[in-house]
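Subject: Structure handover

Hello,

Here is the structure we spoke about.

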Amino acid sequence: MVDLYPQIFKRKSIRNYDLTPLEDSVLGPVVESINKLEPLYDDIKVDLKIITSDNVNPRMMKKAPYYIAGFSEDKEGYKTNLGYMLQQMDLFFSANGWGSCWQGIPKPKKNILESSDLKFVILMAFGKANVPLHRTSTMEFKRKPLNKVSNIKNEGYLGAILEAARLAPSATNSQPWFFKGDNHVIHVYSFKPSILRAIILKKYIPIDIGIVLYHLKSAAEHFGKNPEIIFDETGNENSPHGYEYVTSMIID
Ligand SMILES: Cc1cc2nc3c(=O)[nH]c(=O)nc-3n(C[C@H](O)[C@H](O)[C@H](O)COP(=O)(O)O)c2cc1C
């Protein structure tokens with residue numbers, strides 16, 4: 001697999017696209033990349049379809065020429081698994097000159113919803129960008145400082161792995177994650193929203209967690225580690241106030 005880690009520091013959500021139709025053949029590498037995505041949980045069936053804008057109800061959002069419609073089996077961890085998989089596509093698009101943006105608000109039309117046996121989860125828009133594709137500095141990312149999302153000693157490669165997590169995109173940029181641990185294990189926690197905020201956020205938090213897990217994993221691999229994502233009792237027993245334990249990444 002290509003090293004997508006460098007994209008983490010320059011990617012951005014693209015919402016303004018060139019809508020001129022393209023030859024079907026330009027989608028070849030996109031299809032190939034979709035077929036090679038690595039799941040977080042390999043026992044959950046997913047179905048990722050490329051659809052055009054006439055098959056999407058944009059619901060106030062600007063149209064994109066293409067979307068990936070993500071469908072999944074409805075099983076424990078399914079949203080996190082899909083977040084983990086489609087974030088690989090977000091970084092793939094950035095690496096290959098395409099713009100992309102996660103799209104929670106637009107929905108596929110009925111014919112698309114009925115075309116899969118699996119449950120529709122989310123769309124990701126993509127196409128040729130009408131605006132600059134990349135950020136030129138991490139200062140351009142609107143994100144919480146590292147000490148608000150982690151209490152791990154921020155040094156060496158561990159600091160770089162956490163920085164990759166800090167920069168991950170999330171729905172409404174809520175950054176609903178917290179990291180604890182050391183240079184052997186990073187425990188990942190997700191924010192428990194109040195009842196009111198839960199109405200908007202609850203749907204997306206598990207997807208956001210999948211996204212950040214892929215950033216963590218890709219950064220650890222970039223630094224020559226062999227990370228493994230597992231359930232860890234110690235992590236589970238030490239959740240920070242207002243957060244709940246999700247999973248842990250063993251670094252070595
Ligand atoms: C699960 C999810 C759903 C999102 N839904 C939308 C959406 O419906 N419309 C939109 O314009 N952006 C959407 N976004 C993009 C976020 O607003 C964006 O990632 C965040 O503000 C950070 O900005 P950046 O991606 O440019 O770094 C979504 C992002 C995620 C992860």
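This is a predicted model, and in it the ligand sits in the largest pocket. Two elements each give two or more residues to the shell around the ligand: the strand β4 (99-103) and the helix α7 (205-222). Both domains take part as well, since at least three residues of the shell come from domain 1 (5-127) and at least three from domain 2 (142-250).

In total, 22 residues surround the ligand. The closest are Arg11, Ser13, Arg15, Arg135 and Arg143. By type, the shell divides into 11 nonpolar, 5 polar and 6 charged residues.

- Arg135: an N or O atom of its side chain is 2.8 Å from an oxygen atom of the ligand.
- Trp102: a polar backbone atom is 3.3 Å from a nitrogen atom of the ligand.
- Gln103: an N or O atom of the side chain is 3.4 Å from a nitrogen atom of the ligand.

As for cover, the ligand on its own has 620 Å² of accessible area, and the protein covers 89% of this.

When you open the model, Arg135 is a place to begin, as this residue is among the closest to the ligand and its side chain makes the 2.8 Å contact with a ligand oxygen atom.

Regards

Terms used
Residues numbered from 1 in each chain as written. Predicted model: local features only at pLDDT ≥ 70, side-chain atom pairs only at ≥ 80, totals over all residues. Heavy atoms only, no water. Near = heavy atom within 4 Å. Polar contact = N/O pair within 3.5 Å; in protein donor to acceptor, adjacent residues only side chain to side chain. Areas by Shrake-Rupley, 256 points an atom, 1.4 Å probe, with all protein chains shown as cover. 1 Å grid on protein atoms, 1.4 Å probe; cavity = no way out; pocket = protein on both sides within 12 Å on 5 of 7 lines; lining within 4 Å. Sits in = over half its atoms within 2 Å of the grid points. Helix = DSSP H or I, 4+ residues; strand = E, 2+ residues; numbered from the N terminus. Nonpolar A, V, L, I, M, F, W, Y, C, P; charged D, E, K, R; others polar. Domains from an automatic or database assignment.
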